[in-house]
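Thanks for making time this morning.

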Amino acid sequence: MAGVLGSAASGLIAIQRAISTTGHNISNANTEGYTKQRVEFGTRPPEFTGAGYIGNGVQIQSVDRLYDKFLTDNIRSTTSSSTQSSTFAELSERVSNIIGDSDAGMSAVLGSFFNSIQAVADDPASIPARQTMMAEAETLVGRFHGVDHQMDSIRTEINQGLTGAVSEINSLTTSIAQSNRQIIDAKSLAGGDAPNDLMDKRDMMISRLSELVEVRTVAQGDGAVNVFIGSGQGLVTRFL
């Protein structure tokens with residue numbers, strides 16, 4: 001009878017914890033970066049009797065994240081490429097508008113300036129033609145100064161953006177390294193079981209990092225993740 005009650009109790013406890021995990025999934029359905037978790041069941045060690053081994057019920061083997069590293073890496077790579085392309089397209093469009101604008105760009109004033117040169121070439125003795133050419137030259141110089149000022153503004157904006165990005169990268173780097181330390185400690189305390197919520201938090205920071213720079217991750221056996229950027233420069237190696 002004790003064996004029957006023990007098996008039944010193990011089933012109730014396992015199902016109760018599975019229901020708690022389901023509730024955790026539902027509660028965090030709208031939590032940014034959260035990965036759904038699933039309970040994996042397994043049989044408890046059987047009891048040997050004179051008639052053979054008799055089962056002792058069920059137990060929870062692990063609580064795993066429904067996580068696909070291949071898909072996650074591809075999403076990060078796509079995010080990096082998309083952000084880079086979007087930034088390049090935006091800046092290229094702004095530069096193109098500055099240079100090619102019919103009213104404030106270079107096309108109109110260059111055309112007028114070369115037309116005035118042609119007029120002087122056609123009639124070198126014409127004073128009005130010469131005066132017009134000089135006026136168009138002054139307009140062209142002014143337009144060059146205006147375009148240079150706008151380009152300088154864009155350059156300043158880019159430099160400020162880079163400074164902000166570097167600061168954010170440094171902050172994320174520190175946070176990821178600290179998360180590595182927390183995950184290693186948590187796994188050690190839990191006998192090797194993964195702290196899923198801490199891993200979600202770290203993955204979210206790595207995904208944010210991928211919006212700023214191209215990243216590649218290499219998982220370690222102790223739960224830490226090494227993060228590399230660019231052509232392989234190490235950004236995070238284990239923890240601080």
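How many residues lie between strand 5 and strand 6 in the hairpin that they form? There are 5 residues between the two strands, and in the turn G223 has a positive phi of about 105°.

Before going further, a word on the basis: this is a predicted model, in which local features need pLDDT of at least 70 and side-chain atom pairs count only at pLDDT 80 or more, while totals for chains, interfaces and linings use all residues. Residues are numbered from 1 along each chain as its sequence is written, and side-chain values use heavy atoms, with hydrogens and water left out.

Strand 5 covers residues 215–219 and pairs with strand 6 in the antiparallel sense over 5 bridges, where pairing requires that DSSP finds at least two bridges between the strands. Within that pairing, V215 has I229 of strand 6 as its bridge partner. On its other pairing, strand 6 meets strand 7, residues 233–236, again in the antiparallel sense, over 3 bridges, and here I229 stands opposite Q233. The hairpin of strand 6 and strand 7 has 3 residues between the strands, and G230 takes a positive phi near 60°.

Strand 6 itself, residues 225–229, is mostly covered, with 5 of its 5 residues buried; buried means under 20% relative accessible area, exposed over 50%, and partly exposed in between, with a 1.4 Å probe and protein chains only. In a regular strand the side chains alternate between the two faces of the sheet. Here V225, V227 and I229 point one way, whereas N226 and F228 point the other way, and all are buried.

Now to the whole chain. The protein has 5 helices and 7 strands, taken as DSSP runs numbered from the N terminus, with at least four residues of H or I for a helix and at least two of E for a strand. Their order along the sequence is α-β-β-β-β-α-α-α-α-β-β-β. The radius of gyration is 33 Å, well over the 18 Å that the globule rule gives for 240 residues, so the protein is more spread out than a compact globule; that radius is taken over C-alpha atoms, and the rule is 2.2 Å times the number of residues to the power 0.38. Along its principal axes the C-alpha trace spans about 125 × 30 × 25 Å. Buried residues make up 25% of the 240 residues.
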